[in-house]
Amino acid sequence: MQYTTLGRIGLRVSVAGLGCGGGSRLGMRSGKSEAESVALVRQAIDLGVNFLDTAAAYGTEPIVGKAIKEMLRDRVVVATKAQIRRDGRLLSAPEVVDSLDSSLHALGTDYVDLFQLHGVPPAGYDHAIEQLVPALLDEQAKGKFRHLGITETAPNDPKHLMLQRAVRDGCWQVVMLAFHMMNQNARETVFPLTREYRVGTLLMFVVRSIFSVPGRLQEDMRKLAAEGRVPDWLAERKQPLDFLLHDGGATSVIDAAYRYGRHEPGADVVLFGTGDVEHLKSNIESILKPPLPAADVARLNELFGALEGVGLDVPIKA
């Protein structure tokens, strides 16, 4: 495993982070038993993954808690999240604190290393910074969490408007953002800020339905070509990104996607989801590989650098 320091906070974390939500939710969506899901988390830890990202909304906090129960607490970096909106209304500070307390109980731990506000839209940011942060800083002082973070709602904020504000505010030590081969605009809008302010970054959506669901990439390419957003030849290929698959290049589109995200300047942790051990191993293997050839990266940037909001939907299946 390879490790990095997360922003300015000094946490030493694996560059491959286990995302416990997404399409697989540790195998829960494909019928895995709780024992199998717990074993999967432990397998990831045995392979060197020390960053575990869960959330109250995922339903996987109890699994993570059981997986780390017999371990030294400082062996893993545990992150969880609380939503700021429910049933169309913004949650109060006491409700968010209650979510934090419930997460600690579900995880079976006295503290989490990173507590994040989950999927904050631009319109909800003022509420988060003015109403929720003061209360959360009080809870941080009590030792319930070590660091405070915030995550964007990628499908509803493709320009990263919320994070462009948040990174400058100083209270957020870590941010989670969407970045992938066909959604690159964080290179211009977010990463320069996170590097300047030394804010840690967690990359989500590096591999989503657009790359993992058979036929989805071809379908989206046809739509994008019809809209004049990509060249027509991409819509005509059975495998639009086959130029990445060659000796010295990527072994698959998913392999390319993980390597592309991992080696973007400003990227700290690449989050990945999984539901079985072989998939777990292959994801980690790709994240740990060297960068894609420079010519392939340049071609991806030329073809897709101007795209915005592509491939940011919730994955269709595990």
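Author: **Salt bridges**

K142 and E139 form a salt bridge, with 3.1 Å between the closest N and O atoms. A salt bridge here is a side-chain nitrogen of Lys or Arg within 4 Å of a carboxyl oxygen of Asp or Glu. The model is a predicted one, in which local features need pLDDT of at least 70 and side-chain atom pairs count only at pLDDT 80 or more, while totals for chains, interfaces and linings use all residues. Residues are numbered from 1 along each chain as its sequence is written, and side-chain values use heavy atoms, with hydrogens and water left out.

Buried means under 20% relative accessible area, exposed means over 50%, and partly exposed lies in between (1.4 Å probe, protein chains only).

R216 pairs with D220, and the closest N and O atoms are 2.9 Å apart. Both belong to helix 9 (residues 216-226) and stand 4 residues apart, which means that about one helical turn separates them. Helices are DSSP runs of H or I with at least four residues, strands are runs of E with at least two, and both are numbered from the N terminus. R216 and D220 are both buried.

D126 is partly exposed at 36% relative accessibility, and R165 is partly exposed at 39%.

As for the setting, the structure holds 19 salt bridges. Side chains of opposite charge can pair when their charged atoms come close. The protein has 36 positive and 39 negative side chains, and the centres of the two sets lie 2 Å apart. Lys and Arg count as positive and Asp and Glu as negative, with His and the chain ends not counted; each charge is placed at NZ of Lys, CZ of Arg, CG of Asp or CD of Glu. There are 13 helices and 12 strands in the protein, and buried residues make up 55% of its 318 residues.
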